[in-house]
Amino acid sequence: IGWDMLAVFLVIALVLGLTALVFGAGRSEGRFVRIGRAANLLSRVATSRVIFSAVFFLALLEYSDVAAVEFWLLAGTVASVTLLGLINWQAVWSSVSGGPTPCAAEGMIGPSILLLSSPHLPTPGTSVELRADGCTADGVILNRIHRSTDFWGQIHIDDLEKCELLARKSVISLSTTGSGVHAAVGAVLAPSSDTNLQFVSSKELGVGEIVAVASEGGDVLYQIRWAEIEEAKVRGGAHQVVRAHATQLGIVDADSLRLRRHRWVPAPGGAVKLPRSTEMPLPAMPQNVVVVGTLVGTKVPVVMDCEIACQGHLAILGMTRMGKTTLALRLARLLSLTHRVTILDQTGEWVAKKGLPTYGGPHEDNAFGLSVFEPKPGTTPPDEALAYLQGWVKLAYKEYKGGTPLPRVLIIDEAHQFVPEPAGMGFNAPGREAASKFGLLMMQIRKYGITVILISQRTAVVAKSALSQCENLIAFKSVDQTGLEYLEAILGLDARKALPALRHGEALLFGPAISSDLPAVVTVKQ
């Protein structure tokens, strides 16, 4: 009867296995997929241990009487061996003695990430040492998933050859090294590109923080723009991880104080680390160069060449009380040493609170210096701005014909008052025509040595014909969707993600006058 029952059991297991195979137990969709999954679960009961044990004990009943000592001796021996085989004695010994943890290689991702399973794995970000048959390699745990009986993990190994060698080993011992903390915070993942980096972070970072990936030319710096939580699926299981999105800044050129773009993708699977050094000695600055600030979280300076900036136009954008006026005042005082600087202001802040002198008349336009032009009450600000700029153009045109014109800078605070967007005004609204002419005039005044700096809280209400001429941008925090869409068109999606997350005194810089080939978030110098 026992043998007949075993035969029936095996036939049922065979039918269940074939059912799971036919109806696709591994598929996610299908008409009979649920039947296939159920058959797969039931067929798993027929393991080699169950079948062998059933055959052994049925044969033992035929071989010896149940009351005989020999019967219980054989039964006890097989039961003991079976139970002892269920215990991972290497893991037990490792736990008791504190020695290396045994691991089993599961495969590889890319050239340098080893997949393994182990009874125990340290937390992500821990530095570890792997050993197997004379091969020793250092690595860092990037990720781990706690399953029912063990851990599944990803370990980044710097040495590619050793990673491939360890992937072929059946048993690997793992132990922590040093303080247990590693500089690596992740590994390069798809779909990283020549300008963007994506990685699953093994520790808590922050938007704006700097990370680095090694290359032949040196460490390539990246700046985290945003992060998101996603679900990672592993061998039928899943858990949540944080995927960080970073934008390339480039390789630091200490001689020129420039972040030069690295024109290639980061190494697939390469280690994403915290930079080895966040300081840079600052040499003596030429008179025409101003340190705008430093990369967020570092002491790496980002500078602006005022000579290059004054070959075009500049826009300083962002919400109120973010630091726009403070930065503009620094630039105005520096430029006034070598330029004629006039500030158009309708609020009275620059004279009453900043202590700057009031514009004294046309005679000031022919010499270096700084003053504030305030339109008279009852006048139309766009008409006043256009008239002032046209007066400068006439002066500069005469100087241009006779030689080199005097360099002049016109700073327009609350630019939406002086150069409003004509599309947002009525057809015959006062100042509408002047605003249109002002934007068109900005296209023609560069050769006359005239530079315009626009300061505004919202790009939506500033004439686009004027804003489009500003190739240098300093953007503070902004949440205005119209403004974010405009800046996204110029700086990309990462900029739109980064700007709402900026803090007071932080700004996104971009342009030919900035010492970074790509947009960079800096802590603005006060």
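Predicted model: local features only at pLDDT ≥ 70, side-chain atom pairs only at ≥ 80, totals over all residues.
1. Strand 4 (residues 135-146) and strand 5 are antiparallel partners, joined by seven bridges. Strands here are DSSP E runs of at least two residues and helices are H or I runs of at least four, numbered from the N terminus; two strands pair if DSSP finds at least two bridges between them. Within this pair, asparagine 143 has glutamine 154 of strand 5 as its bridge partner.

2. Residues are numbered from 1 along each chain as its sequence is written, and side-chain values use heavy atoms, with hydrogens and water left out.

3. Strand 5 (residues 151-157) also pairs with strand 2 (residues 113-118), again running antiparallel, through six bridges. How many residues of strand 5 are buried? Seven of its seven are, where buried means under 20% relative accessible area, exposed over 50% and partly exposed in between (1.4 Å probe, protein chains only). Phe151, Gly153, Ile155 and Ile157 point one way, Trp152, Gln154 and His156 point the other way, and all are buried.

4. The axes of helix 3 (residues 48-63) and helix 4 (residues 69-85) come within 10 Å and cross at roughly 170 degrees. Axes are lines fitted to C-alpha atoms, for helices over the stretch in contact, and angles run from 0 to 180 degrees between N-to-C directions. The two helices are therefore roughly antiparallel; the cut-offs are under 35 degrees for roughly parallel, over 145 for roughly antiparallel, 65 to 115 for roughly perpendicular, and oblique for the rest. Arg49, Phe56, Phe57, Leu60, Leu61 and Tyr63 of helix 3 meet Glu70, Phe71, Leu74, Ala75, Val78 and Thr82 of helix 4, contact meaning heavy atoms within 4.5 Å. These residues divide into nine nonpolar, one polar and two charged. In that count Ala, Val, Leu, Ile, Met, Phe, Trp, Tyr, Cys and Pro are nonpolar, Asp, Glu, Lys and Arg are charged, and the others, Gly among them, are polar.

5. An open sheet of ten strands has the order 15-14-23-22-21-16-20-19-17-18, with mixed pairing. Strand 15 (301-305) and strand 18 (369-373) are the edges; each has a single partner strand, so one side of each has no neighbour in the sheet. The twist from one strand to the next averages 25 degrees. Strand 17 (residues 340-344) runs parallel to strand 18, with five bridges between them, and threonine 342 stands opposite serine 371 in strand 18.

6. Two helices on this sheet can be listed. Helix 10 (residues 381-402) lies across strand 17, strand 18, strand 19 (408-412) and strand 20 (450-456), at about 170 degrees to strand 19. Helix 14 (residues 481-491) touches strand 16 (314-317), strand 21 (472-475) and strand 22 (506-510), and its direction makes about 135 degrees with that of strand 21.

7. Some backbone geometry deserves a check. Most residues other than glycine have a negative phi, and most peptide bonds are trans. The bond from alanine 190 to proline 191 is cis, with omega near 5 degrees; proline 191 sits in the loop between strand 7 (184-187) and strand 8 (196-200). Aspartate 133 has a positive phi of about 50 degrees, lies in the loop between strand 3 (127-132) and strand 4, and is exposed at 71% relative accessible area. Arginine 321 has a positive phi of about 65 degrees. Its loop runs between strand 16 and helix 8 (324-335), and arginine 321 is exposed at 72%.

8. The whole structure has 13 salt bridges, each a side-chain nitrogen of Lys or Arg within 4 Å of a carboxyl oxygen of Asp or Glu. One of them joins arginine 340 and glutamate 364 at 3.2 Å, N to O. Arginine 340 is in strand 17 and glutamate 364 in the loop between helix 9 (349-352) and strand 18, so the pair ties together parts 24 residues apart in sequence. Both residues are buried. By contrast, in the pair of arginine 260 and aspartate 253, with closest N and O atoms 3.2 Å apart, arginine 260 is partly exposed at 39% and aspartate 253 is partly exposed at 23%.
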